[in-house]
Amino acid sequence: MAKALIIGAGGVAQVVVHKCCQNPDVFEEICIASRTKSKCDALKEKLDGGKTKIQTAQVDADKTEEVIELIKQFGPDIVINVALPYQDLTIMDACLATGVDYLDTANYEPLDTAKFEYKWQWAYRERFEKAGITALLGSGFDPGVTGVFCAYAQKHYFDEIHTIDILDANGGDHGYPFATNFNPEINIREITANGRYWEKGEFVETPPLSIKKVYDFEGIGEKDIYLLYHEELESLALNIKGIQKIRFWMTFSQNYLTHLKVLENVGMTSIEPIVYEGREIVPLQFLKALLPDPASLGPRTKGKTNIGCVIQGVKDGQPRTYYVYNMCDHQEAYKEVGSQAISYTTGVPAVIGAMMILKGLWKKPGVFNIEEFDPDPFMEQLNKQGLPWHESFEPVLLD
Ligand code: NDP
């Protein structure tokens, strides 16, 4: 039985809190802490009365000292960081200062440049090792489950993996002309960045959204998919031995892309601060304030997500293709935890990752990406915790 400090109270945190409360045998007590305490209190109110004890707190996680103070007061066994990528390092510093395990779902991002790189967090390896504590990076869906899928394929089905295509489809419709399914700043920064894929030992860069294909997804149907850079490519390129090519694909509708193009053309997606009426504002942060809160999309979103990996390689001298994926229904997720499937598919793996560490299965001093651990107990929990996966050996190739 353990205590978890959950930092953040947005769409993903809502799922994390629900799932912790569904697993009181592991999570005896949780503390929900965020910048806006009223959001934490609202979550506590929804879930109070179960076996898991809930506390709330106000914290500005940009300030290491505040996080240290909170950790000292609450005394958690793990910190589950589901605030924003900007807080990763300050929270890791606080974990180091207090000797507590750490988990997040997205790599650290500096405020002024969209990088999607692990270098800042990998630089903590030695310090976490010396402190004897574990940091699990990227325990969401992608990154997260997609890395576990690759590790599972490597362990059970391949002697050598040659190519990985990660396919992320969202067939959900929320009825708004334009909204992002998770934090708009992070989402838009990701999409407007150059595309990049890994081939033969190096990254090949492509203009944003310039490579497109059509793919027929189970539960969704045919969708346009676009090649994007995604942070798990960096760690998978290192951790999947012998890999020659990794690409990441995401679905976008023409309507979504048209809105995005206009916003980009008028400068609203920029992360460069501008001065407006004597005050500095970041256009993308202002846009975030205008767009629907992702946490409010839950009741309106219908349809499914389908995210998985098409993996090709060799087993016993024979070429083999393996496809492993999960489908998640927006309405069912909302019924269960009050959030749509994007938050659900991120929050559930965060809780499973925390369980892996708390149960001692993935307890190892250092800083790790998810594919570095034994995938089997995680895969088992996905089926139990609401994200069942499916596999196929039929060729489902992209080209
Ligand atoms: P939201 O914007 O809905 O929530 C973020 C929460 O963090 C808010 O409660 C916010 O507080 C809080 N927060 C922001 N800054 C601070 C701070 N300085 N101190 C304390 N709390 C703070 O985001 P989501 O829930 O959608 O996403 C959470 C994380 O999950 C993000 O890092 C995102 O990148 C990641 N993610 C990962 C995915 C994956 O598959 N790996 C997929 C989707 C998301 P306030 O309410 O005051 O603003």
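## Reading the terms in this predicted model

Q: Why is the crossing of helix 12 and helix 13 called left-handed?
A: In this predicted model, the crossing of helix 12 and helix 13 is left-handed, because that word applies when the near helix is turned anticlockwise from the far one by less than a right angle. Helix 12 (residues 330–337) and helix 13 (residues 341–358) pack at about 65°, with their axes 8 Å apart.

Q: Which residues make that contact, and how do they divide by type?
A: His-330, Ala-333, Glu-336 and Val-337 of helix 12 meet Ala-341, Ile-342 and Tyr-344 of helix 13.

Q: What makes helix 1 and helix 2 roughly parallel?
A: Helix 1 (residues 11–22) and helix 2 (residues 37–47) pack at an angle of about 30°, their axes lying 11 Å apart. Angles under 35 degrees count as roughly parallel, and therefore these two helices are described in that way.

Q: Is the crossing of helix 1 and helix 2 left-handed or right-handed, and which residues meet there?
A: Helix 1 passes helix 2 in a right-handed crossing. From helix 1, Gln-14, Val-17, His-18 and Cys-21 take part, and they meet Leu-43, Lys-46 and Leu-47 of helix 2.

Q: How many residues surround the ligand, and which are the closest?
A: The ligand is surrounded by 28 residues, and the closest are Arg-35, Thr-36, Lys-39, Ala-61 and Thr-105.

Q: What is the omega of the peptide bond from Asp-142 to Pro-143, and where is Pro-143 found?
A: This peptide bond is cis, with omega near 10°, and Pro-143 is in the loop between strand 6 (134–137) and helix 7 (145–156). Most peptide bonds are trans.

Q: What is the phi of Lys-200, and where does Lys-200 lie?
A: Lys-200, although not a glycine, has a positive phi of about 45°, and its place is the loop between strand 8 (195–199) and strand 9 (202–206). Most residues other than glycine have a negative phi.

How values were computed
Residues numbered from 1 in each chain as written. Predicted model: local features only at pLDDT ≥ 70, side-chain atom pairs only at ≥ 80, totals over all residues. Heavy atoms only, no water. Axes fitted to C-alpha atoms, helices over the stretch in contact; angles between N-to-C directions. Helix = DSSP H or I, 4+ residues; strand = E, 2+ residues; numbered from the N terminus. Parallel < 35°, antiparallel > 145°, perpendicular 65-115°, else oblique. Contact = heavy atoms within 4.5 Å. Near = heavy atom within 4 Å.
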